[in-house]
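Work through the exercises below with the sequence and the model open beside you. Try each task before reading its solution.

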Amino acid sequence: MKTLLQTSLILGLAATPASAADLTVLTAGDQNMVDYVNDYLAPIFEKENPGTTVRVVGTGPGDAGSQKIVERFDAQAKANVDKWDADVAVVHEKFAGPLVKEGYLESYRSKIPSGEMVTSEKAKMALGANVDGYVMPMFSSQTAIAYNPALIPNPPKSYEELVAWAKQNPKQFGYNGIKGGASGVSFVMGWIYAFGDGDANKLMNGPFEEAETKKWDKAFASLKDFTTNATLTPGNAGTLDMLSRGEIAMGPVWVDMFYSWQADGKLPPEMKLVLPAPGMPGQPMHYVIPAKSPNTDLAEKFVALATSPKVQADGIVKRFNWYPGIDAKFVQPELDKASWDKLFVDISPDDLATKAKPFPIAPYNSAILEAYEKNVAN
């Protein structure tokens with residue numbers, strides 16, 4: 001009892017345990033993640049499972065929010081708590097691997113119907129870590145190149161074509177370098193995938209080898225030349241704002257932000273997207289189930305609901321303009337034509353299957369950012 005009480009104090013939790021019919025969901029991310037569970041998922045789940053109450057706890061935005069979940073599981077594991085205080089958690093991609101390695105998660109994907117509907121490699125490998133079976137993508141957030149078709153009727157379809165276009169149209173391509181938002185970071189990672197002399201698959205999946213970092217010199221030299229012809233923007237929103245004002249004609253953006261800006265009237269409706277070959281990185285958020293969830297069966301039912309085609313259509317695509325976590329072909333029958341066309345008219349499910357890349361594993365990611373600062377930013 002003393003150990004349980006100490007653990008509750010460590011975690012900042014109330015000493016009174018949740019009732020047997022309570023399902024506790026921890027979620028990293030912005031407030032909209034908490035609102036999504038509270039306002040949308042919870043009422044559906046509670047209706048389908050009478051007597052159950054869904055409690056959601058937001059742990060904060062960005063990596064720090066996922067780190068708090070890891071620390072929460074750490075504390076309970078070290079205190080040898082039999083049943084932990086969470087049934088489901090939503091974490092950023094980079095934290096899935098460490099959670100699996102520590103033995104903190106249940107392997108559950110094969111136990112739920114939607115598990116067979118996941119085809120993305122990101123559900124198998126998370127930044128070089130094998131997470132196959134332990135995660136279900138909540139959604140996939142993807143970067144792409146936004147452009148004004150009035151100025152660019154035939155946009156570049158690859159990084160190579162983009163280089164040629166930018167030379168002919170100086171300062172019309174804008175990106176934020178690696179500061180102020182990950183859309184620019186994604187563009188840089190895609191550049192190394194396209195032009196680096198090493199093995200792009202090794203960058204995405206590992207293992208890390210120092211020698212691989214020496215194979216990017218020509219790629220960074222060409223990126224420095226490219227950047228002198230580009231316009232540096234103040235960040236993710238800054239790129240969209242400059243596109244809206246006509247100050248640039250093209251630039252990398254997060255797809256969900258792009259469509260949200262269009263829906264809010266902050267971006268002209270005629271703006272379009274293209275995902276250039278060989279591809280650009282994006283990242284999912286993952287549903288995970290703690291190995292010592294007090295309500296494992298209910299937790300599996302909750303994730304099954306959250307990743308079902310109907311909920312992915314109504315909740316993920318329509319509410320947030322995110323790409324679904326399961327294969328889009330299972331979601332299409334649940335969407336009206338207008339919603340499907342809005343999200344997939346520019347970037348098709350096939351484009352996503354072939355060109356939606358993961359970010360490099362952590363050591364390569366850090367090495368690329370350091371090399372950018374040294375070779376391009378200066």
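**Exercise 1.** Leaving aside its neighbours within four places in sequence, which residues is E212 in contact with?

*Solution.* Before starting, note that this is a predicted model, in which local features need pLDDT of at least 70 and side-chain atom pairs count only at pLDDT 80 or more, while totals for chains, interfaces and linings use all residues. Residues are numbered from 1 along each chain as its sequence is written, and side-chain values use heavy atoms, with hydrogens and water left out.

Step two is to list its partners, taking contact to mean heavy atoms within 4.5 Å; they are G198, D199, K202, L203 and Y364. Step three is to ask about accessibility: E212 counts as buried because its relative accessibility is 2%, and buried means under 20% relative accessible area, exposed over 50%, and partly exposed in between (1.4 Å probe, protein chains only).

**Exercise 2.** Compare the span of helix α3 (residues 62-78) with the expected one, and then examine N80, which follows α3.

*Solution.* The expected span is 1.5 Å times one less than the number of residues. The buried residues of α3 include G65, I69, V70 and F73.

Next, N80 lies in the loop between α3 and β3 (88-92), and N80 has a positive phi of about 55° although it is not a glycine. N80 is exposed, because its relative accessible area is 60%.

**Exercise 3.** Find N321 and decide whether this residue is buried or exposed.

*Solution.* First, locate N321 in the loop between α12 (309-320) and β12 (323-324). Its phi, near 60°, is a positive value in a residue other than glycine. Finally, N321 counts as buried because its relative accessibility is 6%.

Notes: Helix = DSSP H or I, 4+ residues; strand = E, 2+ residues; numbered from the N terminus.
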